[in-house]
Amino acid sequence: MKHPFESSRHHPQPLRPPRGRRLLLWFLACLGAALAAPWAGAQQPAPLDWPQLQRDAARSGRTTIFAGPQVRAKWIWVDEQHITRDFQSQRDAKIAYPKLRTLIIAGDVQPIVAEGKVFFGADDGQFFALNASDASTVWKARTGGPILHTAAYADGRVVIGSMDHNIYCFSAADGRQLWRVTTGAGVHAAPLIVGGRVFIGSRDGVFYAIDLISGRVQWTYRPIAASPEDPFNGAPIVQPAASDGQSIFFGAENLWFYCLDAQSGREKWRSKLRGQSFQYSWPVIVGEHVMVPVMTSAGDAEFVAEKELDDLPRGTAQEVWPLERQMFLKWLKDNPHQQSMWVLEKNTGREPYIMPLGRVGGLNYPPRAPVIYSDGRPLIYWRTKTSTVLTGGTFGSKYTPDISAVNMATGDREYFTPPRESGAGAEIDNNFTLTVGGDWVYMNNHMRGAHMVNPKTGVASRLTSIMADWDGANFRNWGNQIIYWGNDTNRGEDLPPSVHRAPQGDSGIAIVEVDGRPTLIFSESGHYQIDFGAIVALESR
Amino acid sequence: MTRTAVSLFAVLMLSTYAVGAAGLEAIVTERRAVSDIGPGAEPLKARLVAEVQKVIKAGRLAPFRTLYGEHGLRYHWREPWQMPYTLGLALPHLPPELQADVKRYLAEEIAARPPWEGALLGPDGTKRQPDDLPESVFRAIGAGQTPTAFFPYALWVYASRSGDWRTIRANWPVIQQNFQAKVGTRPNFETASGAIGMYRLAVGIDDSAAAARFLKAATDALTACRNFEAVRASAHRAYTGRENWTRESHGVNYAFFNLTPEIARLIAGDDALAKAAEAYADVGRRIWPLWWMAQAPVGDWGYYGEGCCAGPEQRGMLFNYEAWVRKLPAEQLAMYADVPDALIGDCTYMQNLVTAIEAFGKAAWTARDGRGVGRPGP
């Protein structure tokens, strides 16, 4: 039996992409990053990697390269013994799948990619480094508790939090454990790496700054609520932090949001927000602001403000949005507990305005975190009667939430006017998590599959879907390019009882280069999606 | 008779002996004592002290409000016995000055919200969560079922650990009356614990006639509880009605609701019961692998489960089973204690902390002495 923290090492396969193409992509990506990165002062990651949650410290979710819209499955990894490679697109095709589910990958886990490896952890405490070319195991390590969120990589080191109370640092090359910091409770959040330090909160109610190289804790901070005597002090921290390079931003479960000096840990400001939790979200740095999604305490989900939308006239966005805007500002004034997205000034914590944003999210979800589009503006889902980008179907509500930009000077919606209808849709309460590659917006939802849409052109592509017959999850006839199934309990196979998923914390699609080709790598699984789960790599056809 | 059959017969006889009539009486009358709690429990004790101090400082608490996805709106710990039970369990592990504060707090709490009365708690009191909901929204607390028949066990924990038998004696007629009104005909671990509590309360106030009556009621209840399928069905019927907001949730592990060490002893002493209970618990673990986490998402058959989290009570169900029946290592229980759902007054979290603390010690059942069950515990 192996020691819980022992690593097992495998021999990595050499990665040799075509040199000329790699250099060209590198040059183009560097150029793009240099021209369009006004949202963060933090150092940018290697252009072709995806080294932490939403790629960078600002949690922009953005890179300049893209794959698709026509794709093929490079590999589909279910566990070490069940890997399907060179999978050709076809309908309802079976992939290599265990008879009984062996691993559960938590909904929040976004695979990260660096040094040609894909890093992620599983509910059983295993942490994997796969060869990004073929999904073979380069190394793996074991922690003593479930891994519930995303890893982070920098300078040859990969860091992960575990519910066994520890934060681990492994050598990205061979999986050797380089250091471990023990906290007072399980670690649920994803680490942030910026400026040679790891920043991460624990459920013990302490925020940690750790030297990436030595593993020495440099400072800690215990979240203060209204006063030093407040009973809500020291609340658990489950939200991954974001940074602009100078400051660290995160929320604690007392619903206060904090800005700390990255060097000293000194509190710069804190702001009280409203809601129930920061779980399943993260802050995003946008120029001089930080955008903060919050899971509300309010009831209802898909039908929020439905009547108010019904009462508006029909028409184009140009005609109706001004009325919607007024309606939602009044609605939020009357129902302040429905506010689900905050914009705060980065330097003061002041809220400059309330966005005219009807609540998005629900069912224990916050709204999906913003992503930064190729033009530097943040994109979010908007509750609206006048969708322009997402014009396809929705569920429950009559109104498809739209993807539109935010005017950061005013908080207003800036909708796109693509020349054609995309036909892509989303749910108000079960959104896709967003990332951006080039001008494309990538959307991932563990139940609904992976899509991509270009807000400028209206072109959309349905990439994948698991084959399923559950409520709303059967996309066989929706034009998905890749449809696969593992063992679907609805087909009477010998499996544990079917569990309808709780797809909390869908993770976004990492957009990277593998073997000289732009590649999409993402998780298709939720905490309790026991009858299907996989890490998937797609590349352009 | 073959050797296998003989062996099987012997096992069955042993099992029957372990929980025979005398065994059942012992479950009712003997007291679980924990001693020699090791230093590994110190961090847990510190966490328990911090939680109890928050309760004392906050004063009377409103129910905990959650909106965990498709579970819908829930108010937790609405039964007035929850706080006397929770702080009663905590008492032996608190420093003396805090014990005094807790006794004062509970005396006031019980006077204001008698655990034997028939109503669930309303929205009054300090909020347990920082949600900043408008009062009109927060106070939209629905009517629910009345408190369960578990309350006498909670009262016994309170009285035996605080020494406040005067309150029990003064309200004994109404306690008896309300318990009788709540006892149903279906077997249920929670109700069986209530019957054990009634016996021990009777002993504690020297009512020998009532003690004899409730000893029989308790052993009868325990006998009925040896049919696990009946217990499971009864629990699921009792707790999954949508009108009971604190209980309706997927049904996973409901049979273990408010499990006590005494019921765990019953399960462990009956092979068939233990096997059935373990099979049931394993289903719970399999479809809810992170059951011990605050806000752990949960799924279920026939329910979409989009965005659902388990409410705090569900964490306690399997926790007690793992601690007392499966006897997991104390270190494992310490991890399972996790963090509170409610930042103030999380009864399940405090109960789990006590259980984890005591797992670092040695537990023993004291010999039956007739009156010892009514005296203060460890």
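Chain A has a mean pLDDT of 85, with 82% of its residues reaching 70 or more. These are confidence values, since the structure described here is a predicted model. For chain B the mean pLDDT is likewise given as 85, and 84% of the residues reach 70 or more. The model as a whole scores ipTM 0.87 and pTM 0.89.

Some stretches call for caution on a first visit. In chain A, pLDDT stays under 50 over residues 32–41, where the model places 25 contacts beyond four places in sequence. A further stretch of chain A, residues 526–530, also stays under 50, and there the model has 27 such contacts. In chain B, residues 6–17 remain under 50 with four contacts beyond four places in sequence, while residues 369–378 remain under 50 with 24 contacts of this kind. Where pLDDT is low, the predicted coordinates should not be read in detail.

With that in mind, chain A can be taken as a whole. Its secondary structure comprises three helices and 36 strands. Of its 541 residues, 60% are buried.

Four strands form an open sheet in the order β18-β19-β20-β21 of chain A, and their pairing is antiparallel. Strands β18 (242–243) and β21 (267–272) of chain A stand at the edges with a single partner strand each, so one side of each has no neighbour in the sheet. The partner of β18(A) is β19 (residues 247–251) of chain A; the two run antiparallel and are joined by two bridges. Within this pair, Ser243(A) has Ile248(A) of β19(A) as its bridge partner. In general, the strands of a sheet pair through backbone hydrogen bonds, either parallel or antiparallel.

Helix α2 (residues 21–29) and helix α11 (residues 208–224) of chain B have axes that come within 9 Å and cross at roughly 115°. The crossing of α2(B) past α11(B) is right-handed. On the α2(B) side, the contact is made by Leu24(B), Glu25(B), Ile27(B) and Val28(B), and these meet Leu215(B), Ala218(B), Thr219(B), Leu222(B) and Thr223(B) of α11(B). Sorted by class, the contact between α2(B) and α11(B) holds six nonpolar, two polar and one charged residues.

Terms used:
Residues numbered from 1 in each chain as written. Chains lettered and ligands numbered in written order. Predicted model: local features only at pLDDT ≥ 70, side-chain atom pairs only at ≥ 80, totals over all residues. Buried ≥ 20, exposed ≤ 12 C-beta atoms within 10 Å, placed from the backbone. Pairing = 2+ DSSP bridges. pLDDT = per-residue confidence, 0-100. Contact = placed C-beta atoms within 7 Å. Axes fitted to C-alpha atoms, helices over the stretch in contact; angles between N-to-C directions. Left-handed = near helix turned anticlockwise from the far one by under 90°. Nonpolar A, V, L, I, M, F, W, Y, C, P; charged D, E, K, R; others polar.
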